[in-house]
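Subject: Structure handover

Hi,

Here is the structure for you to look over.

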Amino acid sequence: MNENLRLIKEIVEGMKSSNFGSGSVYEKDKQCIKKMFDSLGTGSTPYSKVYTEEEIYILLTVIDSTYSTQMTKRYYGTVELAKVLFELNTKKPLCQLFTDFLKDKNFEVFSIPGKGTNLFTENYGIDKNGTDKGKAVSLITKFAYFVTDFQFPIYDSIVTELYKPFWTFCGFSDKPLPIKKYDVPSLITAIDVFIAKLEKEEGIHIDYDTFDQLLWRTGKICRENFSLILSMEQYIDYKREKTPLTEVLKNDQTMLKFLTLASHICPLYKKYKNKTNK
């Protein structure tokens with residue numbers, strides 16, 4: 001195992017600790033939203049849960065406000081999306097629908113009758129002039145992430161931008177698969193291949209949740225956006241007191257290793273981002 005993959009394996013092992021990230025806003029938000037999914041709806045397990053349209057609307061609103069997916073900037077967007085998800089939920093529990101989609105990537109189960117579109121390709125909401133505002137892939141995948149108990153990959157800018165830098169860092173000989181814009185099947189396939197390579201070649205076992213956290217936390221460091229990954233006390237110590245991050249995190253070996261990982265990933269991230277912007 002090369003040193004880069006050894007570092008990733010050590011971070012993955014560290015993330016399994018029950019108190020990892022417990023003081024961060026990100027973890028508090030995540031657990032709060034998870035409790036809402038657990039408390040709402042009817043059914044004893046995620047695979048049997050059925051939600052009302054109002055409950056889905058509430059859950060979407062909380063996710064949107066927490067993760068800044070911008071649905072509130074559209075008129076009626078959340079209302080339309082909640083209606084589509086509710087109608088799908090009447091056919092089969094949403095957890096089952098999203099889990100089945102991971103296996104076959106068949107859009108048919110998400111088809112919207114009479115429109116020729118599906119959950120992921122449909123436009124939701126309008127602007128002040130009544131013009132369609134576009135898709136809601138990021139918000140939908142975040143909803144799927146929670147409704148499947150963190151076992152659905154999230155589509156967002158950090159994952160799509162850091163996928164190639166991570167692939168390069170790992171030293172895989174073949175080229176990374178492309179993640180097409182707003183294309184969930186290509187996202188799932190690319191992540192599945194990455195996870196399988198880590199498992200087969202290096203014995204590193206991660207699931208969708210761990211993969212997302214691995215890239216997300218590294219991306220936040222690369223973007224120098226620390227408020228969600230540090231506790232309030234740590235953030236004040238870093239920003240107000242100008243304490244170096246290595247000192248702030250001296251008692252958290254896993255986060256210190258994240259800083260080391262980011263020191264390698266961030267230059268690759270900037271390199272790929274500059275190529276994309278040209």
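Phe-143 touches Phe-37, Ile-56, Leu-59, Leu-60, Ile-63, Leu-85, Leu-94 and Phe-98. That list leaves out residues up to four places away in sequence. Contact here means heavy atoms within 4.5 Å.

Before going on, two points on the source. This is a predicted model, with residues numbered from 1 along each chain as its sequence is written. Local features need pLDDT of at least 70, side-chain atom pairs count only at pLDDT 80 or more, totals for chains, interfaces and linings use all residues, and side-chain values use heavy atoms, with hydrogens and water left out.

The core

Phe-143 belongs to the largest nonpolar core, which has 88 residues. Leu-81, Phe-98, Leu-119, Phe-143 and Leu-261 touch the most other members. Helix α12 gives the most to this core, with 10 residues. A nonpolar core is a set of buried Ala, Val, Leu, Ile, Met, Phe, Trp, Tyr and Cys residues joined through side-chain atoms within 4.5 Å. Buried means under 20% relative accessible area, exposed over 50%, and partly exposed in between (1.4 Å probe, protein chains only). Helices are DSSP runs (H or I, at least four residues), numbered from the N terminus. In soluble globular proteins, nonpolar side chains tend to be buried together.

The largest pocket holds about 1100 Å³ of space. Of its 44 lining residues, Tyr-155, Asp-156, Ser-157, Ile-158 and Thr-160 are the closest to its centre. Helices α2 (25-39), α3 (53-67), α6 (137-147), α7 (157-170), α9 and α12 (253-277) each give two or more residues to the lining. Among these, α7 gives the most, with seven residues. By class, the lining has 21 nonpolar, nine polar and 14 charged residues.

The second largest pocket holds about 300 Å³. It is lined by 15 residues, and Met-15, Lys-16, Asp-209, Thr-210 and Gln-213 lie nearest its centre. Helices α1 (3-15), α2 and α9 each supply at least two lining residues. Its lining has four nonpolar, six polar and five charged residues.

A pocket is an open set of points on a 1 Å grid over the protein atoms alone, where a 1.4 Å probe fits, with protein on both sides within 12 Å along at least five of seven lines; lining residues have an atom within 4 Å of a point. Points are joined across faces, edges and corners, and a volume is the space filled by probe spheres set on them. Ala, Val, Leu, Ile, Met, Phe, Trp, Tyr, Cys and Pro count as nonpolar, Asp, Glu, Lys and Arg as charged, and the others, Gly among them, as polar.

Single residues

Thr-218 lies in α9 (residues 208-222). Thr-218 is buried, at 0% relative accessible area. A polar atom of its side chain lies 2.7 Å from the backbone oxygen of Leu-214. Beyond four places in sequence, Thr-218 touches Leu-162, Phe-166, Phe-258, Leu-261, Ala-262 and Ile-265.

Thr-69 sits in the loop between α3 and α4 (77-89). Thr-69 counts as buried because its relative accessibility is 15%. Its side chain makes a polar contact with the side chain of Asp-64 (2.5 Å). A polar contact is a pair of N or O atoms within 3.5 Å; within protein, one must be able to donate a hydrogen and the other to accept it, and residues adjacent in sequence count only if both atoms are side-chain atoms.

Best wishes
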